[in-house]
There are 4 protein chains.
Amino acid sequence: MDKAIEIVNHMMAQDAFSKWLGIEVVHAEVGSAVLSMTVREEMTNGFKIAHGGISYALADSALAFASNGGGTQSLSVETSINHLSPVQTGETLIATAVQINETRKTGLYQIDITNSDGKCVAYFKGTVYRTEKPWKL
Amino acid sequence: MDKAIEIVNHMMAQDAFSKWLGIEVVHAEVGSAVLSMTVREEMTNGFKIAHGGISYALADSALAFASNGGGTQSLSVETSINHLSPVQTGETLIATAVQINETRKTGLYQIDITNSDGKCVAYFKGTVYRTEKPWKL
Amino acid sequence: MDKAIEIVNHMMAQDAFSKWLGIEVVHAEVGSAVLSMTVREEMTNGFKIAHGGISYALADSALAFASNGGGTQSLSVETSINHLSPVQTGETLIATAVQINETRKTGLYQIDITNSDGKCVAYFKGTVYRTEKPWKL
Amino acid sequence: MDKAIEIVNHMMAQDAFSKWLGIEVVHAEVGSAVLSMTVREEMTNGFKIAHGGISYALADSALAFASNGGGTQSLSVETSINHLSPVQTGETLIATAVQINETRKTGLYQIDITNSDGKCVAYFKGTVYRTEKPWKL
C-alpha cells in the first residue's frame with residue numbers, strides 16, 4: 001500500500017476524536033488530504049449551527065494527515081480559521097488540504113471546507129514543524 | 001441576575017457541543033469569561049493527546065461567551081490558535097478570555113488556556129463582528 | 001473610467017508610503033488587485049534580505065485596493081502573513097489579491113506574493129470591515 | 001556588554017529599513033525588546049494615517065530582536081497583526097515584545113504597539129523557527 005495512505009490510516013485508527021466526529025478519509029497523498037464528515041445535532045452551539053470547534057477540528061485533522069503523510073512526524077505550530085458561513089445539522093462538509101510551501105523544517109498548508117452546495121464555509125491556514133522522528137508502523 | 005451571566009447561561013443551555021465537552025462556566029462578565037473542562041479519552045488524536053479541535057473549541061466557546069455578554073449578538077470572523085504543549089487525558093483546562101479592543105462594530109479577544117500546573121498550553125486570538133441584533137431572553 | 005480603477009488610482013495618488021515603496025498597480029477590479037514593486041537596498045534588514053515589513057506592506061496595499069474598489073470604504077481588521085522565502089535586493093515582487101468571501105459587513109482576501117521566478121515568497125490573508133461610507137472622488 | 005544587547009545592536013546596525021523607519025531600541029534582553037519610532041508623512045496611506053506596513057514593520061523588528069537575542073539565529077514563520085486604531089503623522093509608537101512560549105525549535109512572541117496616550121493601536125503575534133546557527137559577532 002502507498003506509504004502516505006498507510007500513515008493516514010494508522011493515524012485515523014488511533015484518533016478517537018476524529019472517529020467521534022465521523023470523519024472519513026476521501027483521499028490522502030503526500031502533502032494533501034481530503035476528508036468528509038456530517039454535522040450532527042450534538043455538534044451545534046447556542047446559535048443552533050455547527051460549533052466553530054467542529055469545522056476547526058475537521059480542518060486540523062486534514063492538516064495532520066496532509067503533513068504527516070510524507071513519513072516524518074509533524075506538529076502544528078500555528079493555525080487560523082475564518083468561519084465564513086453557518087453550517088446546519090445534517091450538512092456534509094468536505095475539507096481539502098493542500099501544501100502551499102515546504103522548507104526542511106516547516107510546512108504551510110491551506111485547508112478549505114465546503115458544504116454540499118460547494119460553498120466555502122471555512123478557510124483554514126496551518127503551519128507545522130517537522131520533527132526528526134519518522135513514522136514507524 | 002446580572003445580564004452577562006444570564007446571556008451566557010442561556011447560550012450554554014442551548015450549546016450541545018459545549019455540553020458534550022463538559023464545559024463549565026467559572027466566571028462571566030461583559031467582555032470576559034473563564035471556562036473549565038476536563039479532557040476525556042474520546043477527545044484525543046492519533047498522538048494520544050487532546051485533539052487540536054478540543055482546545056480550539058474550548059477557546060471558541062470562551063470567545064462567544066465573552067463577546068456576547070454585552071447584550072449584542074456577536075459573530076466570530078477570524079480566529080487563530082497556537083498549540084504550545086501537549087494535553088493528556090484527565091487534565092483540566094482553564095480558558096480565560098479577555099477583551100483587548102472594541103470598536104462600534106468589532107471586538108478583539110485574547111484567550112489563554114492553561115493546564116492544572118498553570119502552564120499555558122494554547123494561545124488563541126479571536127475577532128468578532130457585532131451584529132445589530134440584541135439578545136432577547 | 002471603470003469605478004474600481006478610479007478609486008484605486010485615487011487611493012494610490014494619496015498613498016505616500018506605497019509611492020516610497022515604488023508600488024505600481026498592474027491590474028485592479030472590484031475584489032481584486034495586482035501590484036508590483038522592486039526591492040531596494042534601503043528596504044533590507046539585518047539578514048540583508050527584504051525586511052518582513054516590505055512584503056507585508058505590499059500585500060496590505062493590495063488588500064486595501066482590492067477591498068475598496070467596490071465603492072465602500074473598507075478597513076483592515078485582521079491580517080496574517082507567512083514569509084516563505086528570502087527576497088533579495090533587486091527582485092521584483094508581484095502581489096495578487098483575490099476575494100475569498102464577502103458578507104454584507106466583512107470581506108476576506110487572500111494575497112500571494114511571488115518573485116521573478118514565480119515562486120511564492122509570502123502568503124497573506126486579510127479580513128476587512130465594510131463601513132457605510134461610500135468613496136466620493 | 002550584555003550578549004542580547006550586542007546582538008540587537010549588531011542587527012540594528014545592518015538593518016537599513018529599521019533605520020529608515022527611525023526605530024530606536026529602548027530596551028533589549030533575551031526574549032524581550034522594546035522599540036520606539038515616530039510616524040512621518042511619507043509613512044502614511046490613502047486614508048492619511050500610518051500605512052499598515054509601518055506598524056507591522058515596527059512589530060516585526062521587535063520580533064526579530066526579541067527572538068534573536070538569545071544567541072541563536074531565528075526566522076519568522078508566521079505573524080499576524082490587528083490594526084486597532086488609526087495612527088497619525090507625528091505620533092510616537094512603542095512596540096513591546098514578550099516571549100509567550102519557547103520550545104527547542106520554535107518561539108512565540110506577543111508584540112503590543114501603543115501610542116503616546118498608552119492606547120494599544122496594534123496587536124501582533126509572531127512565531128519563529130530557531131535555526132542551529134549561532135550569532136557570531
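Me: In β6(A), which residue is the bridge partner of Ser80(A)?

Reply: Let me start with the general idea. Strands of a sheet pair through backbone hydrogen bonds, either parallel or antiparallel. Two strands count as paired if DSSP finds at least two bridges between them. Here, Ser80(A) has Lys125(A) in β6(A) as its bridge partner. That bridge belongs to a set of 10 joining strand β3 (residues 72-83) of chain A to strand β6 (residues 120-134) of chain A, and the two run antiparallel. The element names come from DSSP runs, numbered from the N terminus: helices are H or I with at least four residues, strands are E with at least two. Residues are numbered from 1 along each chain as its sequence is written, while chains are lettered from A and ligands numbered from 1 in the order in which they are written. Please keep in mind that this is a predicted model, where local features need pLDDT of at least 70, side-chain atom pairs count only at pLDDT 80 or more, and totals for chains, interfaces and linings use all residues.

Me: What is the order of the strands in the open sheet of 12 strands?

Reply: The order is β1(A)-β2(A)-β4(A)-β5(A)-β6(A)-β3(A)-β3(B)-β6(B)-β5(B)-β4(B)-β2(B)-β1(B), with antiparallel pairing. At the edges sit β1 (24-29) of chain A and β1 (24-29) of chain B, each pairing on one side only. On average, neighbouring strands of this sheet are turned by 20° against each other, direction ignored. For such angles, axes are lines fitted to C-alpha atoms, for helices over the stretch in contact, and angles run from 0 to 180 degrees between N-to-C directions.

Me: Which strands does helix α1 of chain A lie across?

Reply: Helix α1 (residues 3-14) of chain A lies across β1 and β2 (32-38) of chain A, running at about 145° to β1(A). Another helix, α3(B), packs on the sheet too, and touches β3 of chain A together with β1, β2, β3, β4, β5 and β6 of chain B. The direction of α3(B) makes about 145° with that of β3(B).

Me: How many residues of α3(B) are buried?

Reply: First, the rule: a residue is buried if 20 or more other C-beta atoms lie within 10 Å of its own, exposed if 12 or fewer, and partly exposed in between, with C-beta atoms placed from the backbone. In α3(B), 17 of its 17 residues are buried. You can check the length of this helix as well.

Me: Which residues touch the most other members of the largest nonpolar core?

Reply: A nonpolar core is a set of buried Ala, Val, Leu, Ile, Met, Phe, Trp, Tyr and Cys residues joined through C-beta atoms within 7 Å. The largest one has 168 residues, and Leu58(A), Leu58(B), Leu58(C) and Leu58(D) touch the most other members. Two residues are in contact if their C-beta atoms, placed from the backbone, lie within 7 Å. Not counting residues up to four places away in sequence, Leu58(A) touches several residues, among them Leu21(A), Leu35(A) and Ile113(A).

Me: Is Gln88(A) buried or exposed?

Reply: Gln88(A) counts as exposed because 11 other C-beta atoms lie within 10 Å. Its place is the loop between β3 and β4 (92-102) of chain A. Leaving aside neighbours within four places in sequence, Gln88(A) is in contact with Val39(A) and Ile49(A).

Me: How many residues of chain D are in contact with chain C?

Reply: 31 residues of chain D are in contact with 31 residues of chain C. On the chain D side, β3(D) gives the most, with eight residues. By class, that side has 12 nonpolar, 13 polar and six charged residues. Here Ala, Val, Leu, Ile, Met, Phe, Trp, Tyr, Cys and Pro count as nonpolar, Asp, Glu, Lys and Arg as charged, and the others, Gly among them, as polar. Strand β3 (residues 72-83) of chain C and β3(D) pair in the antiparallel sense over three bridges, and Ile81(C) stands opposite Thr79(D).

Me: How many residues of chain D are in contact with chain A?

Reply: Six residues of chain D are in contact with six residues of chain A. β3 (72-83) and β6 (120-134) of chain D each supply at least two residues of that side of chain D.
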